[in-house]
Amino acid sequence: NVLIHEAKANSDKTTEGVAQGGLRLAEEIRSIVALHPGLSHLSLVGNSLGGLYTRYAAAKLLESDGTLLGLRPAAFITIGCPHLGVRRFTFLPLPEVLHGAASLVIGQTGDDLFL
């Protein structure tokens with residue numbers, strides 16, 4: 001059996017930073033796993049900023065025996081995810097002075113991405 005779930009925890013909540021988004025996602029995953037006790041494996045897929053949320057959530061869900069909430073990890077996939085941030089990887093070079101303005105536009109997430 002396979003369960004595919006599209007997370008909703010961070011819909012319209014992308015300015016509070018990677019940590020907050022990751023915590024919300026981890027809580028949503030906990031809820032879904034609790035509703036489906038027959039699950040044995042867990043795969044996580046995240047796109048762009050969602051990949052950062054997914055990485056953070058996985059770290060929070062990881063147990064000392066290497067499982068995620070008692071489930072065996074199957075796959076961890078991120079697509080177009082800025083794991084290295086965006087400071088040096090923007091499409092157009094941004095003046096250093098504009099990097100600090102990111103938080104004015106996209107809140108804590110801007111600070112996280114322009115570390």
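Predicted model: local features only at pLDDT ≥ 70, side-chain atom pairs only at ≥ 80, totals over all residues.
The α1 residues tucked away from solvent are V18, G21, G22, R24, L25, A26, E28, I29, I32 and V33. So the buried list includes R24 and E28, which count as charged.

## How α1 meets α2

Two packed helices are described by the angle between their axes and the distance between the axes. Here, the axes of α1 and α2 come within 7 Å and cross at roughly 65 degrees, and the crossing is right-handed.

On the α1 side, the contact uses V18, A19, G21, G22, L23, L25, A26, I29 and R30. From α2 come L49, L52, Y53, T54, Y56, A57, K60 and L61. Sorted by type, the residues of this contact split into 12 nonpolar, 3 polar and 2 charged.

## The chain as a whole

Zooming out, the protein chain has 4 helices and 2 strands, arranged along the sequence as α-β-α-β-α-α. Of its 115 residues, 32% are buried.

Take the contacts between residues at least 6 apart in sequence: 70% of them join residues at least 24 apart. As for the surface, the chain exposes about 7600 Å², with carbon and sulfur atoms supplying 60% of it.

Methods
Residues numbered from 1 in each chain as written. Heavy atoms only, no water. Buried < 20%, exposed > 50% of the residue type's maximum accessible area, 1.4 Å probe, protein only. Axes fitted to C-alpha atoms, helices over the stretch in contact; angles between N-to-C directions. Left-handed = near helix turned anticlockwise from the far one by under 90°. Contact = heavy atoms within 4.5 Å. Areas by Shrake-Rupley, 256 points an atom, 1.4 Å probe, with all protein chains shown as cover.
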